[in-house]
2 protein chains.
Amino acid sequence: MKVLVTIQAVREAVREARKQGRVVGLVPTMGALHQGHLSLVQQACRECSFVIVSIFVNPTQFGPREDFAVYPRSLSADCELLKREQVDVVFAPSVEEMYVPKADTWVEIPSLSRVWEGRFRPGHFRGVCTIVAKLFNIVQPDFAYFGWKDAQQLIIIRKMVEELNYPIVIVGCPTVREKSGLACSSRNVFLSPKERAIAPAIYQSLKIIQDMVKSKGITQAKKLILAARKFLKNYPQIKIQYLAAIELQTLRPVKKVGPGVLIVVAVKLGKVRLIDNLLLT
Amino acid sequence: MKVLVTIQAVREAVREARKQGRVVGLVPTMGALHQGHLSLVQQACRECSFVIVSIFVNPTQFGPREDFAVYPRSLSADCELLKREQVDVVFAPSVEEMYVPKADTWVEIPSLSRVWEGRFRPGHFRGVCTIVAKLFNIVQPDFAYFGWKDAQQLIIIRKMVEELNYPIVIVGCPTVREKSGLACSSRNVFLSPKERAIAPAIYQSLKIIQDMVKSKGITQAKKLILAARKFLKNYPQIKIQYLAAIELQTLRPVKKVGPGVLIVVAVKLGKVRLIDNLLLT
């Protein structure tokens, strides 16, 4: 496994792989790898004959009051994990390698970027789209892997790829959860033991909605959301930022839920911001 | 020469050319081809072994009160001209082929897009960057050709390519002029015979500045611009929108001119908007 830090070295590695007729898969990450990332990597390794994992904590997707400076970084541990998965290349560039001074070229989907996560994280998806577009142009993969955990990100990237005509298949991989049901997240390390004990309630609130739909046939979004909110009131440490039933393509709230409706939730638990979601089937 | 109207057909043609080891050049145009376009095509044909010319009047780069509806269109005449140049593929998609309904993914460089042309054409460069990014992703050329006539566009595209890491060389080609000095433009057809007789004054005003620098060593931008403005006052039909000496990279006005400073001008002549520029050497 090669660990490369320059764009040029990555381009050369991909060119060589292409010469050998290999199918190129990209897994963009910010490092601090957990089981969720590894499931993306494993799927990429099953489907592609040349797998690149990028590790880059992208400053442009963090707000000025967000956790860029303290976001967990663990490059050598990450590389150990990726080696075991038989990844071909780790691309771990510096900020200077990825952004020229005063960089000001942006890729954006305004209509999908100002709601839900975007409302609480202005500029976040502009940063995400821009860095992903850059990685796509550097690696030019056949497949790129993103987790359903960040559902709005996945939907936005899919739309960007469609609308900018990137010849890349975007693969969405299921959220990996701890036994407690808590979605794997690099930010879970910031939770205190007490907060970690409470955190599974987030997913439980989504399961409550799923159960009400499945077993009682309730479809009124208002009623379902209310029940989930009521359940979370049992945990006063959890402050809900949003909890909603939305349409997959447009991200607009629905009045009646059904297959293909996504339940999304974002909370603050102490100082840690956590998100989760559940797709109704 | 193939005339293709679908993205898929273009991708297949490029894939075939790549298999043969050909070097791919793209000349993006809006059709209504004149000598300026043909000089781009000729340079592409000299430097590349597979040349694609796109002809697409891109709606997203026209403002609501601009001339999208009446912009000259002459596909069959354009194809005749390109056939003579031994172009390999003409890509002439419909608006529906290029944009999904309610498309909302944009590529933009705010800092360079709101000045000069951008001030008079809000949204113009966002439309340009977006369509060029799309064409780059569809064709994935090695080289792409743009005219110095649209200097701000060329500078913006170069920055976009650098900052989004497109593996494409942007070639800037010199402005082609009529004998009178008037820069070739698809919009020249809108000029009345009287206006056409006056239009060469635009380039003459730039030459006046060049002469003052060359022969008299004057470098004070204010003085030079004033002289050019004074000259254009002889033509009351010409309304100046801007006339300035600017820095190539940043597009910022300079106080002192020197090599690498660009003199840019935009005017309205009757109902026709014309631009021109001159690079000091």
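User: How far apart do the C-alpha centres of domain 1 and domain 2 of chain A lie?
Analyst: Keep in mind that this is a predicted model. Chain A splits into domain 1, covering 2-173, and domain 2, covering 186-273. Between the C-alpha centres of those two domains of chain A, the distance is 27 Å.

User: Which element gives the largest share of the side of domain 1 of chain A that touches domain 2 of chain A?
Analyst: The contact involves twelve residues of domain 1 of chain A and nine residues of domain 2 of chain A. On the domain 1 side, the elements giving two or more residues are helix 6 (117-120) and helix 8 (151-163) of chain A. By class, that side has nine nonpolar, two polar and one charged residues. The largest share, three residues, belongs to helix 8 of chain A.

User: Now the two chains: how many charged residues are on the side of chain A that touches chain B?
Analyst: In the contact between the chains, 24 residues of chain A meet 24 residues of chain B. Elements of chain A that put in two or more residues are helix 1 (7-19), strand 5 (106-108), helix 5 (110-113), helix 7 (124-139) and helix 8. Sorted by class, that side has 13 nonpolar and four polar residues, and the charged ones number seven.

User: Which residue of chain A comes closest to the rotation axis?
Analyst: A rotation of 180° with 0.0 Å of shift along its axis puts chain A on chain B, with an RMSD of 0.0 Å. The two copies are thus related as by a two-fold rotation axis. They also meet through the same surface, because 100% of the interface residues of chain A are interface residues in chain B too. At 2.3 Å (C-alpha) from the axis, the closest residue of chain A is A:Val107.

User: Which residue of chain B does A:Glu108 stand opposite?
Analyst: Strand 5 of chain A and strand 5 (residues 106-108) of chain B run antiparallel and are joined by three bridges. Within that pairing, A:Glu108 faces a residue in strand 5 of chain B, namely B:Trp106.

User: Which strands stand at the edges of the six-stranded open sheet in chain B?
Analyst: The strand order in this sheet is 1-4-3-2-6-7, with parallel pairing. Neighbouring strands are turned by 25° against each other on average, direction ignored. Two strands have a single partner each, so one side of each is left without a neighbour in the sheet: strand 1 (2-4) and strand 7 (169-173) of chain B.

User: What angle does helix 3 of chain B make with strand 3 of chain B?
Analyst: Strand 3 (residues 50-55) of chain B pairs in the parallel sense with strand 2 (residues 24-29) of chain B over six bridges, and B:Ile52 in strand 3 is the bridge partner of B:Leu26. Helix 3 (residues 75-84) of chain B lies across strand 1, strand 3 and strand 4 (89-91) of chain B. Its angle to strand 3 of chain B is about 165°.

User: Which residue in the turn between strand 9 and strand 10 of chain B has a positive phi?
Analyst: Strand 9 (residues 261-269) of chain B has eight of its nine residues buried. Antiparallel partners are strand 8 (residues 238-247) of chain B, joined to strand 9 by nine bridges, and strand 10 (residues 272-279) of chain B, joined to strand 9 by eight. Strands 9 and 10 of chain B form a hairpin with two residues between them. In that turn, the residue with a positive phi, about 65°, is B:Gly270.

Terms used
Residues numbered from 1 in each chain as written. Chains lettered and ligands numbered in written order. Predicted model: local features only at pLDDT ≥ 70, side-chain atom pairs only at ≥ 80, totals over all residues. Domains from an automatic or database assignment. Contact = placed C-beta atoms within 7 Å. Helix = DSSP H or I, 4+ residues; strand = E, 2+ residues; numbered from the N terminus. Nonpolar A, V, L, I, M, F, W, Y, C, P; charged D, E, K, R; others polar. Pairing = 2+ DSSP bridges. Axes fitted to C-alpha atoms, helices over the stretch in contact; angles between N-to-C directions. Least-squares fit on C-alpha atoms with pLDDT ≥ 70 in both. Buried ≥ 20, exposed ≤ 12 C-beta atoms within 10 Å, placed from the backbone.
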